[in-house]
Amino acid sequence: MSLFYFVALLSIFFALMVIFAKNPVHSVLYLIITFFTFTIHYILLNAQFLAVVNFIVYMGAILVLFLHVLMYMNLNNEGSEMKSMLMKVSGLIAGMCLLVTLVGSMKTLAVSDPVNLQDADLGLVKNLGKVLFSEFLLPFEVSSILLLSAMVGAVLLAKKEPKSI
Amino acid sequence: MLYLPDISNRMEVQSTPVNYLPIIFQILVALGFAVGTMVVTHMIGPKRRTAEKLTPFESGIEVIGNARQPFSIKYFLVAILFVLFDVEVIFMYPWAVNFRELGLDGMIQMFIFMGTLLLGFIYIIKKKALDWE
């Protein structure tokens, strides 16, 4: 239990560092450490498949893509985009929306009974596969359409159309 | 070969968070070695800083321009397509573990999933998205 509190503290600390880091590249690196602490949380919950997927896909692939995206922006004159008035106003509106959501969810806050897992091995790959291919078959198949649309979207955005005559 | 199922059963029972302790030790040792060597070499090595020494090492060639330049979007396309197919392969893992129990039904379900993504792959090939112009 004390291990959980230690890792939770680390997660919150690095999540705050993501926000407070001035350099966007440092911010992404802190995000990688935050995701690593999430991996430890998954292992503590015995959700081993999720832990490994989180480690490989999120830490390994998606955050590298984040860094990639940062490199498309101009890193030489940092902070110049943030000065426009529109950015400030939209940031204020988004922050206020988050605040309203947080306050609204705080109002319905209540202490629930602790969750007792019937089966401690619930998060192992074998059990996950059984559930995925019976109960959650439709979301699984729909996720393939999601991946397909992501593929088409990426190609459409990044590929230059050949000039038609 | 005969007692192979027995081993897999035992491993399944033993799979608890505590089993990840050796991995954490390994990470600690690996990180500790990397960070430790870097810190120690910085501390015990002599420091003679000249303008020549502080330039990035480019195999003896003079440094040209700035490293922080935006680069081509083609790299990003390859990277994001890699991630999408990576996710597909990860979905195959829980299926492969339960391959025998799921039988023909599981195979058809998985093939529908893979067929949809194969359509995407055909689209990519037809659009010549992976061609390097």
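A residue is termed buried if 20 or more other C-beta atoms lie within 10 Å of its own, exposed if 12 or fewer do, and partly exposed in between, with C-beta atoms placed from the backbone. By this criterion, buried residues account for 8% of the 133 residues in chain B. The structure is a predicted model, in which local features need pLDDT of at least 70 and side-chain atom pairs count only at pLDDT 80 or more, whereas totals for chains, interfaces and linings use all residues. Residues are numbered from 1 along each chain as its sequence is written, and chains are lettered from A and ligands numbered from 1 in the order in which they are written.

Chain B contains 4 helices and 0 strands, where helices (H or I, at least four residues) and strands (E, at least two) are DSSP runs numbered from the N terminus. Along the sequence, the pattern of chain B is α-α-α-α. Helix α2 of chain B (residues 21-44) comprises 24 residues and reaches 33 Å from its first C-alpha to its last, close to the 34 Å expected at 1.5 Å a residue; the expected span is 1.5 Å times one less than the number of residues. This helix, α2(B), is hardly covered, the count of buried residues among its 24 residues being 0.

The axes of α3(B) and α4(B) come within 10 Å and cross at roughly 170 degrees. Axes are lines fitted to C-alpha atoms, for helices over the stretch in contact, and angles run from 0 to 180 degrees between N-to-C directions. The crossing makes α3(B) roughly antiparallel to α4(B), given that angles under 35 degrees count as roughly parallel, over 145 as roughly antiparallel, 65 to 115 as roughly perpendicular and the rest as oblique. On α3(B), the contact involves B:Leu81, B:Glu88, B:Phe91, B:Met92, B:Trp95 and B:Ala96, and on α4(B) it involves B:Phe99, B:Leu102, B:Gly106, B:Met110, B:Phe113, B:Leu117 and B:Ile124. Two residues are in contact if their C-beta atoms, placed from the backbone, lie within 7 Å. The contact of α3(B) with α4(B) has 11 nonpolar, 1 polar and 1 charged residues; Ala, Val, Leu, Ile, Met, Phe, Trp, Tyr, Cys and Pro count as nonpolar, Asp, Glu, Lys and Arg as charged, and the others, Gly among them, as polar.

Between the chains, 39 residues of chain B are in contact with 39 residues of chain A. On the side of chain B that touches chain A, α3 (73-97) and α4 (99-126) each supply at least two residues, and the largest share, 16 residues, comes from α3(B). By class, this side of chain B has 26 nonpolar, 8 polar and 5 charged residues.

Helix α3(B) also packs against chain A. The axes of α6 of chain A (residues 137-158) and α3(B) come within 10 Å and cross at roughly 175 degrees; the two helices are therefore roughly antiparallel to each other. Helix α6(A) contributes A:Leu147, A:Ala150, A:Met151, A:Ala154 and A:Ala158, while α3(B) contributes B:Ile73, B:Phe76, B:Leu77, B:Ile80, B:Leu81, B:Leu84, B:Val87 and B:Glu88. The residues of this contact divide into 12 nonpolar, no polar and 1 charged.

A:Val125 counts as buried, with 21 C-beta neighbours inside 10 Å. Leaving aside neighbours within four places in sequence, A:Val125 is in contact with A:Phe49, B:Tyr93, B:Pro94 and B:Val97.

The domain assignment of chain A, from an automatic or database source, gives domain 1 (1-74) and domain 2 (122-160). The C-alpha centres of these domains of chain A lie 22 Å apart, and 6 residues of domain 1 are in contact with 4 residues of domain 2.

Helix α2(A) has 21 residues and reaches 31 Å from its first C-alpha to its last, close to the 30 Å expected at 1.5 Å a residue. Its buried residues are A:Leu31, A:Thr34, A:Thr39, A:Ile40 and A:Ile43, and what covers them includes α1 (2-20) and α3 of chain A. In the loop between α2 (24-44) and α3 (48-72) of chain A is A:Asn46, which has a positive phi of about 65 degrees although it is not a glycine. A:Asn46 is buried, with 20 other C-beta atoms within 10 Å. In chain B, B:Lys128 likewise has a positive phi, near 55 degrees, and is found in the segment after α4. B:Lys128 is exposed, with 12 other C-beta atoms within 10 Å.
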